[in-house]
Amino acid sequence: MTEERRNRGVEAPTERIPPQAGDHDTLGGRHGRGYDHGAFGYDESVARGSAEGPDDGHGQDPYDDGQGHRQGPPGRPPSRGAVPPGGRTSRRAAGPRRRRWPRVTGILVALMLLFVVGGYFFLDSRLQREDVLGDYEGRPADTPGTNWLVVGSDSREGLSKKQRKEYATGGGSGRRTDSMMLVHYGDGGTTLLSLPRDSYVPIPGRGSNKLNAAFAYGGPKLLVRTVEKATGIRVDHYAEIGFGGFVGVVDAIGGVDLCVKEPLKDPKAGLDLKEGCQTLSGGEALGYVRTRKFANGDLQRVEHQRQFFAALMDKASGPGVLFNPFRSIPLAMNSTSNFTVDENDHLHDLARLMWAMRSIGGGDGVTTTVPVGGFGSSAAAGSYVRWDTAKSSALFEALREDRAIPSDLIKR
């Protein structure tokens with residue numbers, strides 16, 4: 001019976017003895033005191049799966065396949081030291097699974113890029129575009145740096161009846177200029193220059209009148225041409241936002257922090273603010289930049305507009321908004337759906353503007369208004385503001401040449 005078992009390669013354990021120290025697994029069974037190796041004719045070298053192997057009497061291992069692989073005796077699992085056919089071990093078999101990670105990572109990166117690129121083009125498509133910056137005979141040549149004309153209009157589009165009543169905007173239709181600012185950035189730094197809407201300037205084809213009359217006569221295209229002719233500065237980009245868009249953008253970022261120098265109460269602008277530093281909501285901010293309840297009327301008003309615009313850009317481009325999806329996504333949606341730009345302007349142009357304006361909010365840029373030489377009036381224009389010819393010319397020349405503005409031309 002023992003000989004028959006040996007020939008069939010079947011192991012028959014003898015009396016089982018509990019494992020003791022020094023026991024170890026070989027050949028799929030337990031090598032230790034619980035097995036009688038001599039009874040079944042096992043060769044210890046085979047059991048160990050060592051390179052010493054059994055000898056066929058001619059110095060040759062009978063279990064060697066001739067290619068350096070030990071297959072083990074027929075009918076038995078290979079020893080721990082044996083290599084399966086093909087030369088692969090179970091440890092190597094895990095390799096393909098590990099190599100899937102680069103593929104999975106690549107797919108995730110591709111999806112993220114698709115989301116970012118797709119999101120950019122989606123938001124860019126939401127911008128309202130007009131043919132604003134068309135060429136014409138005598139247009140100023142291109143100059144160093146970048147120039148934006150930023151316009152706030154009194155369009156009520158986007159405001160509900162309740163909001164119109166709360167913000168005291170009235171129910172007027174259409175759109176007229178409520179604020180105009182020229183933004184320049186380049187090697188000479190960043191400058192935010194207010195253009196008072198009551199400025200008395202020549203309007204091409206319309207004689208002389210208030211600056212905001214150019215918008216009323218010919219929309220943004222005539223306004224840009226008027227500004228370029230009056231300043232000698234070529235406008236590279238145009239951006240316009242109405243009342244509704246203004247409120248939406250401010251509320252999207254959780255309001256804007258401002259320090260109010262004195263109590264402000266103006267029922268005509270829906271404004272009632274206390275003195276001190278505070279966070280203005282969209283409706284309060286709209287009243288703050290609209291109110292003209294000052295002794296110098298429009299000049300104090302444009303100062304408020306510059307102050308607020310700089311604070312708005314600084315907060316909108318800060319990490320608290322950009323890296324907070326609950327702020328950045330509403331900001332992107334509100335901005336792109338409410339901004340009107342030139343037909344050749346894109347979302348990345350607005351992003352550059354916002355980034356350049358951070359220096360204004362940080363106190364490194366210059367914020368000022370066109371030097372004023374006095375006031376006047378006419379039957380056609382009513383009361384208006386006259387620019388100081390010499391000082392305004394020097395200021396415009398510095399911007400055209402992308403130089404720092406002389407300190408004596410800056411009105412804080």
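**View 1. Helix H10 gives the most to the lining of the largest cavity, with five residues.** This is a predicted model. The structure holds four cavities of 30 Å³ or more. The largest cavity contains about 280 Å³ of space. Its lining is made up of 20 residues. Closest to the centre of the largest cavity are Gly152, Ser179, Ile241, Phe246 and Phe309.

View 2. By class, 14 residues of the lining are nonpolar. Another five are polar, and one is charged.

**View 3. Helix H8 is mostly covered.** Of the 10 residues in H8, nine are buried. After H8 comes glycine 254. The phi of glycine 254 is positive, near 80 degrees.

**View 4. Threonine 231 is a buried residue of helix H7.** Helix H7 covers residues 211-231. The relative accessible area of threonine 231 is 4%, under the 20% cut-off, so threonine 231 counts as buried. A polar atom of the threonine 231 side chain lies 2.7 Å from the backbone oxygen of valine 227. Leaving aside neighbours within four places in sequence, threonine 231 is in contact with Trp387, Phe396 and Arg400.

**View 5. Serine 392 is a buried residue of helix H15.** Helix H15 runs over residues 389-400. Serine 392 has a relative accessible area of 4%. A polar atom of the serine 392 side chain is 3.2 Å from the backbone oxygen of threonine 389. Not counting residues up to four places away in sequence, serine 392 touches Val370, Pro371 and Trp387. Trp387 is also among the contacts of threonine 231.

Key. Residues are numbered from 1 along each chain as its sequence is written. This is a predicted model: local features need pLDDT of at least 70, side-chain atom pairs count only at pLDDT 80 or more; totals for chains, interfaces and linings use all residues. Side-chain values use heavy atoms; hydrogens and water are left out. On a 1 Å grid over the protein atoms alone, a cavity is a set of points where a 1.4 Å probe fits but cannot get out, and a pocket is an open set with protein on both sides within 12 Å along at least five of seven lines; lining residues have an atom within 4 Å of a point. Grid points are joined across faces, edges and corners, and a volume is the space filled by probe spheres set on the points. Helices (H or I, at least four residues) and strands (E, at least two) are DSSP runs, numbered from the N terminus. Ala, Val, Leu, Ile, Met, Phe, Trp, Tyr, Cys and Pro count as nonpolar, Asp, Glu, Lys and Arg as charged, and the others, Gly among them, as polar. Buried means under 20% relative accessible area, exposed over 50%, partly exposed in between (1.4 Å probe, protein chains only). A polar contact is a pair of N or O atoms within 3.5 Å; within protein, one must be able to donate a hydrogen and the other to accept it, and residues adjacent in sequence count only if both atoms are side-chain atoms. Contact means heavy atoms within 4.5 Å.
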